[in-house]
Amino acid sequence: VRVAASAACVLLLAVPAGAQRAPDPQYDIAYIGPRLADPVMQQAKETYVVMGCAYCHGIDLTPRGEAPDLKRSPIVTTDVNGNRIVPLLRAGVPNTLKLSPMPQYSDLSERQLASIVRWIHYARQREGQQSQATP
Amino acid sequence: LALGSAVAAPLLAQAPRRNRSFVNGVQFGLQPFCYHDLAMTPENRAELVRRLVQNEMGMVELHATWVEPRFAAAGVSPQQARERLRQWRLDATPDFYRAVRAEFDAVGIDIFSYYVNFTGFTDAELDASFRAAKMLGARGCVSSYGLEFARRIAGFAGRHGMFMGLHNHANLYDPDALATEESFLKGLALSPDFRVALDVRHYTAANGDCLDFLSKHHATIAALHLGDRRRNNGRSTPFGEGDAPIIEILRMIRNNRWPIVALLEFEHGTVRTEVEEVRLMYDYCKRALA
């Protein structure tokens with residue numbers, strides 16, 4: 001281990017000053033954004049992404065395709081601690097005329113569902129603050 | 001409803017040339033929707049080609065949005081932008097599409113199919129899209145639509161010597177939706193030029209049996225959208241974590257030497273880069289066929 005660590009130090013020292021580090025393929029910083037200082041919120045964001053919510057609803061809640069805009073969804077705006085979002089996540093939205101119904105997430109744990117709710121509210125609040133700051 | 005033998009010959013004629021993503025008997029390609037972070041625009045097409053090469057892909061289902069210009073701009077209403085795009089489609093020259101095709105040819109990528117969102121298309125635009133697909137080297141067009149639109153488009157593909165893909169989602173509520181074996185058979189009965197573009201993920205989520213469908217209707221299938229999902233309208237998952245029998249599907253295609261293209265596609269979430277995720281999916285498939 002010590003030999004490997006020494007070799008790594010040599011390699012690091014060999015990198016010219018100012019050279020860019022190669023992007024980490026295990027964490028797509030360009031798409032997901034930099035890691036947040038709050039580890040709880042970072043975990044909430046990663047859960048939202050990994051469970052596939054971001055694919056339709058966007059990481060920053062900018063939707064694509066048929067997905068509703070969570071920034072303006074009445075289910076989100078009237079939700080208190082997941083009381084409206086969690087039941088919808090568990091059941092999905094199978095009865096719809098949209099091409100692709102929203103899947104159900106009944107296999108997720110309470111903790112994972114709570115993380116998704118946490119990120120949705122955080123991202124919505126953040127988006128609201130940014131809108132107000134924009135002249 | 002034995003549709004297989006009636007259409008087997010034309011489908012074989014449309015079988016793709018083998019290229020670098022032909023692996024142990026199965027031709028792979030990519031549905032570039034996979035690169036979720038990359039807006040599907042002509043401006044990003046060079047990056048798309050670069051990533052396809054990085055992912056060792058020799059075949060692609062190309063969306064029209066990677067090809068066609070956008071006319072939305074300040075001072076241009078959505079209706080005006082739509083009309084300009086419509087006119088552009090009708091006026092586009094063969095040279096334009098040949099130049100796009102050359103970008104893919106230059107790095108050894110075959111455009112297998114052309115994915116077009118046909119919403120609001122006039123008949124002239126539909127014909128123009130098949131002409132475009134042909135100039136791009138595609139064997140057919142694919143789109144997401146229901147049985148009502150299938151009736152309308154039934155006569156178009158054959159005029160251009162191409163197939164039209166019937167693509168399913170997991171909607172079991174809408175009677176017009178393509179989601180089940182029964183709905184596919186209704187669609188296939190509308191035209192000999194229809195071929196199935198079977199989305200394995202959605203078929204699984206709609207509680208369909210992919211292996212049964214393949215064994216019975218393989219001669220009508222042009223391509224698979226290959227990914228994983230859980231049954232009962234469950235979520236998309238990384239390969240191997242859902243209910244789609246990906247390994248068995250690939251081995252069935254290989255063992256029977258069916259000319260069915262497996263287009264990798266994922267809608268599950270990941271914190272990894274999309275190129276890395278595609279690499280992992282592709283590795284999973286290669287191991288299944290090793």
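Contact here means heavy atoms within 4.5 Å. The model is predicted.

1. **B:Arg251.** By that criterion, B:Arg251 touches B:Arg287, B:Ala288 and B:Leu289, leaving aside residues up to four places away in sequence. B:Arg251 itself belongs to helix H11 of chain B, residues 246–256. Is B:Arg251 buried, exposed or partly exposed? Its relative accessibility is 36%, so B:Arg251 counts as partly exposed. The cut-offs are under 20% for buried and over 50% for exposed.

2. **B:Arg251 and B:Asp209.** These two residues are 42 positions apart in sequence. In space, their C-alpha atoms are 16 Å apart.

3. **Strand E11 of chain B.** This strand spans residues 261–264, and both of its faces are covered. On one side sit B:Val261 and B:Leu263. On the other sit B:Ala262 and B:Leu264. All four are buried.

4. **Neighbours of E11(B).** Which strands pair with E11(B)? One is strand E2 of chain B, residues 26–30, which runs parallel to E11(B) over 3 bridges. Here B:Gly29 stands opposite B:Leu263. Another is strand E8 of chain B, residues 221–226, also parallel to E11(B) and joined to it by 4 bridges. In that pairing, B:Ala223 has B:Val261 as its bridge partner.

5. **The largest nonpolar core.** This core holds 83 residues. Which members touch the most others? They are B:Phe28, B:Tyr114 and B:Leu226. Helix H12 of chain B, residues 274–289, gives the most to this core, with 8 residues.

6. **Helices H4 and H5 of chain B.** Packed helices are described by the angle between their axes and the distance between the axes. H4(B), residues 94–105, packs on H5(B), residues 123–135, at about 45°, with axes 8 Å apart. That angle makes H4(B) oblique to H5(B). The crossing is right-handed. From H4(B), B:Pro94, B:Tyr97 and B:Arg101 take part in the contact. They meet B:Ala132, B:Lys134 and B:Met135 of H5(B).

7. **Helices H2 and H4 of chain B.** H4(B) also packs with H2(B), residues 45–54. The two axes come within 10 Å and cross at roughly 30°. Is H2(B) roughly parallel or oblique to H4(B)? H2(B) is roughly parallel to H4(B), because angles under 35 degrees count that way. H2(B) passes H4(B) in a right-handed crossing. The H2(B) side of the contact consists of B:Arg45, B:Leu48, B:Val49 and B:Leu52. The H4(B) side consists of B:Val100, B:Glu103 and B:Phe104.

8. **Chain A.** How many helices and strands does chain A have? There are 7 helices and 0 strands. Along the sequence the pattern reads α-α-α-α-α-α-α. Chain A has 135 residues, of which 33% are buried. Take its contacts between residues at least 6 apart in sequence: 45% of them join residues at least 24 apart.

Conventions:
Residues numbered from 1 in each chain as written. Chains lettered and ligands numbered in written order. Predicted model: local features only at pLDDT ≥ 70, side-chain atom pairs only at ≥ 80, totals over all residues. Heavy atoms only, no water. Buried < 20%, exposed > 50% of the residue type's maximum accessible area, 1.4 Å probe, protein only. Helix = DSSP H or I, 4+ residues; strand = E, 2+ residues; numbered from the N terminus. Pairing = 2+ DSSP bridges. Core = buried A, V, L, I, M, F, W, Y, C linked by side-chain atoms within 4.5 Å. Axes fitted to C-alpha atoms, helices over the stretch in contact; angles between N-to-C directions. Parallel < 35°, antiparallel > 145°, perpendicular 65-115°, else oblique. Left-handed = near helix turned anticlockwise from the far one by under 90°.
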